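Biologist: I am new to reading structures, and I would like to learn how to look at charged pairs and the nonpolar core. Could you walk me through them?

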Amino acid sequence: MATLEQVAVYNKHGELEALLELPPAEGTWNLAWLTPELLAITDDKHVYSWDYQQAKMAGPWVSSQRIRLIDAHQHQLALAFDGPLLEWLHFNDAGHPVNRTTLEVAERISQLHFDSDGGLLVGDESGRLSYWQEADRNPLWTIKFANMHVVQSIATSPEQVMVVTQPPGDRFATGSGQQIVQIDRNSGKINHRVDPTVDGQVASLITEGQRLWLGSSGNCMYLHTLQRTTSAHCYPRPQRLGRQTGQVIALHVTDTKVYGVTSAGYLQVWQKKDIVSQL
């Protein structure tokens with residue numbers, strides 16, 4: 001997690017393992033793990049890497065354009081900018097970029113997501129979703145959603161890509177018109193569509209077999225199964241949750257618990273059995 005001045009790394013028991021004092025930022029901080037020990041840190045103009053176990057920070061490397069979105073996987077870092085451009089960087093074990101590839105897309109990028117094999121999914125604001133492998137100049141496949149629906153969340157499994165799309169121009173983040181779309185990862189073929197029964201806009205999405213966990217507005221989390229057309233009700237129940245503002249912006253699921261991070265900076269821990277039993 002990052003504050004305005006520090007990056008802190010905690011273990012699963014909530015114990016602080018490392019703390020980094022950040023330099024003054026230009027814009028917003030973004031974090032993504034390059035490896036289990038190496039963290040990529042960016043603001044609007046700079047890229048750093050930090051090996052928290054060795055307490056070594058490298059960089060900054062200066063970008064000529066404003067960095068909007070990042071994602072990382074196994075020494076790879078993807079950067080999206082204000083324009084329709086994508087940079088794909090490869091880092092060595094010392095945390096230094098050793099290769100950089102620039103790719104063009106149709107419109108400004110709305111979402112970036114590395115899958116478990118290092119392939120990169122890129123959604124843009126024209127309603128396209130493309131899948132790149134190994135920074136090739138041409139994507140393996142590209143699909144365009146009807147009515148310019150824009151990808152707002154992406155999750156992957158070994159064979160499938162799951163995305164949540166929304167109509168363009170949902171200025172008030174109502175979530176009206178959202179769809180869950182299941183796509184074959186190898187071919188780009190759309191296999192399944194369903195309307196998620198959630199209140200507000202989906203802000204986070206992860207897969208667990210045939211289950212989809214969605215974080216949404218009102219600090220709500222939902223569980224959706226592909227075999228059904230409805231989702232579980234908001235959990236925790238609104239009357240049990242003291243703070244209703246914000247969104248669940250990140251999710252993590254274990255065998256027994258579900259962890260959610262809210263946009264207000266809170267970590268919520270839920271018993272998984274209490275949620276699954278509702279379906």
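This is a predicted model: local features need pLDDT of at least 70, side-chain atom pairs count only at pLDDT 80 or more; totals for chains, interfaces and linings use all residues.

Biologist: Which residue forms a salt bridge with arginine 100?

Modeller: The partner is glutamate 87, and the closest N and O atoms are 2.7 Å apart. To call a pair a salt bridge, we look for a side-chain nitrogen of Lys or Arg within 4 Å of a carboxyl oxygen of Asp or Glu.

Biologist: Is glutamate 87 buried or exposed?

Modeller: Glutamate 87 has 15% relative accessibility, so it counts as buried. Now place the two residues: arginine 100 is in strand β10 (residues 97–104) and glutamate 87 is in strand β9, so their pairing ties together parts that are 13 residues apart in sequence.

Biologist: How many salt bridges are there in the whole structure?

Modeller: A search finds nine.

Biologist: What about arginine 211 and its salt bridge?

Modeller: Arginine 211 pairs with glutamate 208, and here the closest N and O atoms are 3.6 Å apart. Arginine 211 is partly exposed at 28% relative accessibility, and glutamate 208 is partly exposed at 25%. When salt bridges share partners, we can read them as a network: Asp44, Arg66, Asp82, Arg108 and Glu125 are joined into one.

Biologist: Now for the nonpolar side chains. How many residues does the largest nonpolar core have?

Modeller: It has 13 residues. Those with the most contacts inside it are Leu34, Val47, Ile67, Ile70, Leu77, Leu79 and Phe91. The elements giving two or more residues to this core are β4 (38–42), β7 (67–73), β8 (76–81) and β9 (85–91).

Biologist: Which residues does valine 47 touch?

Modeller: Leaving out residues up to four places away in sequence, valine 47 touches Ile41, Thr42, Gly59, Pro60, Trp61, Ile67, Leu77, Leu79 and Phe91.

Methods:
Residues are numbered from 1 along each chain as its sequence is written. Side-chain values use heavy atoms; hydrogens and water are left out. A nonpolar core is a set of buried Ala, Val, Leu, Ile, Met, Phe, Trp, Tyr and Cys residues joined through side-chain atoms within 4.5 Å. Buried means under 20% relative accessible area, exposed over 50%, partly exposed in between (1.4 Å probe, protein chains only). Helices (H or I, at least four residues) and strands (E, at least two) are DSSP runs, numbered from the N terminus. Contact means heavy atoms within 4.5 Å.
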